[in-house]
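Trainee: Before we discuss any detail, could we put the model on the screen and work through it element by element?

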Amino acid sequence: MNKYQGKVAVTSRSFSKHSGLCKELLNKYPETKFNDSGETLSGEELIEFLSGYDKAITALETLDMSVLKQLPDLKVVGKYGVGLDMLDLKAMSDLGIKLGWTPGVNCRGVAELTHSLMIASLRHLNLCQKEIFAGPYSQIQGRGLTGKTIGIIGCGHIGKDLVELLKPYQCKILVYDIIDYTEFYQANNILAVRFEELLCRSDLVTLHVPLVTSTRNMIAAKELDTMKSDSILLNIARGGIVDESALLYALKNGIIGAAAFDVLVQEPPIDFELLNLDNFLITPHIGGSTEESIWAMGISAINGLDNAKDPLNFAN
C-alpha cells in the first residue's frame, strides 16, 4: 500500500465536527468517512462503521478483540488523544494492526485545567455560584495556592508541564512515579517520595497516570484515610483510578476536604449523589478540549496513519 492510499473511517465525534481537521485529512485521504451522527459508537454499531476500511482514527471508542476480530480489513489505527486504555494493544499486535500515537500531545490543555481546578477548589467556586443563585449570600472564605504542598502522582508529560505552571506559586512539590526522572526533579527542586508519604503530606493531590490494572482504584478508602482532612484530590486523568464510592464517603464525612474531577467511571454520569456534593467539583471530560489541543491531537492522529508501529511498542 502506497502512502496516502486507503480508506479511512473517523469514529471520533469531535474530530468529525472539526472542519479544519476534516479538510486536512481529506487532502491526504479523499476516501474518508466521518462520524456525523453525534453518537458514541460501540459494539455492533462500531463494527459496522469500521467494516471495509483499512485505516481508522479513534478516540474514546473501545477496540478490543471482540471488535477487532470482526474487522479483517483494518490495518492501522491513528489515536486521537493520549489515553490508550480503550485499545487492546496485544490484540491489535496479534492481528497485525498498527498504531499511530503521540504521547503528551495535549499536555498543556490538561495541565492548565488542573491548575484552574486547584484554584477553583481552594476558593470553593462551585459553592460560591450556588450561593449566588440561592439568594442572599455571604462571602465564602477560601485558601490560596501560593506556598501549598502539591503531590503529583505521575510525572510524565502532563505532570512536568504542571510543574512549570506552578512555579510562580512557590509550592513545595512532591512526586510519585514508577519512572525515575532524577534530572528533572533536581532541576526543579522536586522531592520524589513514597506513595503513602505523598498522600499524607500534600495539601492537594493530583493524578496524572494512565488507567491500567495497577492504577485502577489506586485511590480507595485506605488512601483517602491517609490524606489530610482539608486536602483536595484532583483526577484529570481517567475514571476508575479513584474508587468513587470511597470518595463519596470521604467527602461526606470530612475525611478529605474536597475533590475536583474531569473524569468519571460512568460518562455521562447516571448517579448524581457524588456530583451534588458542595465539596465536589466536576467538569465534563474537557482536559484536552482546547482549540490548540484538539488541533494537535488531530494532526497527530492523521500523521499516525502513515507513521504507525506495532502497538506493543507503546505498551509501557
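Trainee: Leaving aside its neighbours within four places in sequence, which residues is Thr 149 in contact with?
Mentor: This is a predicted model, in which local features need pLDDT of at least 70 and side-chain atom pairs count only at pLDDT 80 or more, while totals for chains, interfaces and linings use all residues. Residues are numbered from 1 along each chain as its sequence is written, and side-chain values use heavy atoms, with hydrogens and water left out. Taking contact as heavy atoms within 4.5 Å, Thr 149 touches Lys 172, Leu 174, Arg 201, Ser 202, Asp 203 and Leu 204.

Trainee: Does Thr 149 count as buried or exposed?
Mentor: Thr 149 is found in strand β6; strands (E, at least two residues) and helices (H or I, at least four) are DSSP runs numbered from the N terminus. Buried means under 20% relative accessible area and exposed over 50%, with partly exposed in between, for a 1.4 Å probe and protein chains only. Because its relative accessibility is 12%, Thr 149 counts as buried.

Trainee: Within what arc do the buried residues of α3 fall, seen down its axis?
Mentor: In helix α3 (residues 43-50), Leu 46, Ile 47, Phe 49 and Leu 50 are buried. They line one face of the helix because, seen down its axis, they fall within an arc of 165 degrees, an arc taken from the directions from the helix axis to the C-beta atoms. On the other side, Glu 44 and Glu 48 are exposed, whereas the buried residues pack against β1 (8-10), β2 (32-34), β3 (55-58) and α4 (65-68).

Trainee: Which residue stands opposite Gly 78 in β5?
Mentor: Strands pair if DSSP finds at least two bridges between them; β4 runs parallel to β3, joined by 4 bridges, and parallel to β5 (residues 98-100), joined by 3. Val 76 and Gly 78 point one way from β4 (residues 76-79), with Val 77 and Lys 79 pointing the other way, and all are buried. Thr 58 has Lys 79 as its bridge partner in β4, while opposite Gly 78 in β5 stands Gly 100.
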